[in-house]
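Q: Hey, I'm new to this one. Can you walk me through a few spots once it's on screen?

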Amino acid sequence: MLLLALDTATPAVTVALHDGTRVLAESRQVDARRHGELLLPAVDRVLAEAGHKLDEVSDIVVGVGPGPYTGLRVGLVTAATFGAALGVPVHGLCTLDGLAHASGLTEPFIVATDARRKEVYWARYGDARTRLTEPAVDRPADLADQVAGVPAVGAGALLYDTVFTGVRREAPEHQSAAALAELAAGKLAAGEELLPPQPLYLRRPDAQVPANYKVVTPR
């Protein structure tokens, strides 16, 4: 196995290469506005550092969100393009699962990322590998009774630490493709089925067709 992992569902543009046993190389740059600009150079950099070529990749795993529409689709489209060009399978994994895996926690906890609009994407976990609830998007204040004092990781928990009072500041704030790759490699080796590479948006995109929009066709 030579697994290429990438995720653009959070402000982190992150790529990693995994050989089925260990992470060979990783790149992570935090810039919420440059996903499209940074992703392909990161792939080139990771492959070069690991001493491999793109056509050696046997599997691709991509974070499917939840995340903002624009950033998320960069990773998904890139993964789909690589998969089609190379003729290799493309697997999806929930982005929150990658953050959970990176935390290494063995107790129940919460992962929360920044969903903008004063909201968070979040899910509850039994441990670093076991998600207990489906990803959701909510205002932090609406979650106060559920999350107060519960261990929490991620940029959303850090941003709203008056609500997520059990935030673990030593845990990773942003996604790591290395953690995503490790999780995917373990699941594939165990014969577990991963998600299809389809986006978890959880809400409609910001861009909307104007209500009074008129189609103008030539006569």
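Q: Let's start with tyrosine 201: what does its relative accessibility count as?
A: This is a predicted model, and in it tyrosine 201 comes out as partly exposed, at 23% relative accessibility.

Q: How many aromatic pairs are there?
A: The count is two. In one of them, tyrosine 69 and tyrosine 201 sit 5.0 Å apart centre to centre, with 45 degrees between the planes, which makes the pair tilted.

Q: Where do tyrosine 69 and tyrosine 201 lie?
A: Tyrosine 69 is in helix α2, residues 69-86, while tyrosine 201 is in the segment after α6. They're 132 residues apart in sequence, so the pair ties those parts together.

Q: And tyrosine 69, what does it count as?
A: Partly exposed, with tyrosine 69 at 34% relative accessibility.

Q: What about phenylalanine 109 and tyrosine 125, what kind of pair do they form?
A: A stacked one: phenylalanine 109 and tyrosine 125 are 5.4 Å apart centre to centre, with 20 degrees between the planes. Phenylalanine 109 belongs to strand β6 and tyrosine 125 to strand β7, 16 residues apart.

Q: Is phenylalanine 109 buried or exposed?
A: Buried, because its relative accessible area is 0%, under the 20% cut-off. Tyrosine 125 is buried as well, at 1%.

Q: New topic: where is proline 197?
A: Proline 197 is in the segment after α6, and it's partly exposed at 29% relative accessibility.

Q: What is proline 197 in contact with, neighbours within four places aside?
A: With those left out, proline 197 contacts Val62, Val64, Leu76, Val90 and Gly92.

Definitions and conventions:
Residues are numbered from 1 along each chain as its sequence is written. This is a predicted model: local features need pLDDT of at least 70, side-chain atom pairs count only at pLDDT 80 or more; totals for chains, interfaces and linings use all residues. Side-chain values use heavy atoms; hydrogens and water are left out. Rings of Phe, Tyr and Trp (its six-membered ring) pair if their centres lie within 6.5 Å; planes under 30 degrees apart count as stacked, over 60 as edge-to-face and the rest as tilted. Helices (H or I, at least four residues) and strands (E, at least two) are DSSP runs, numbered from the N terminus. Buried means under 20% relative accessible area, exposed over 50%, partly exposed in between (1.4 Å probe, protein chains only). Contact means heavy atoms within 4.5 Å.
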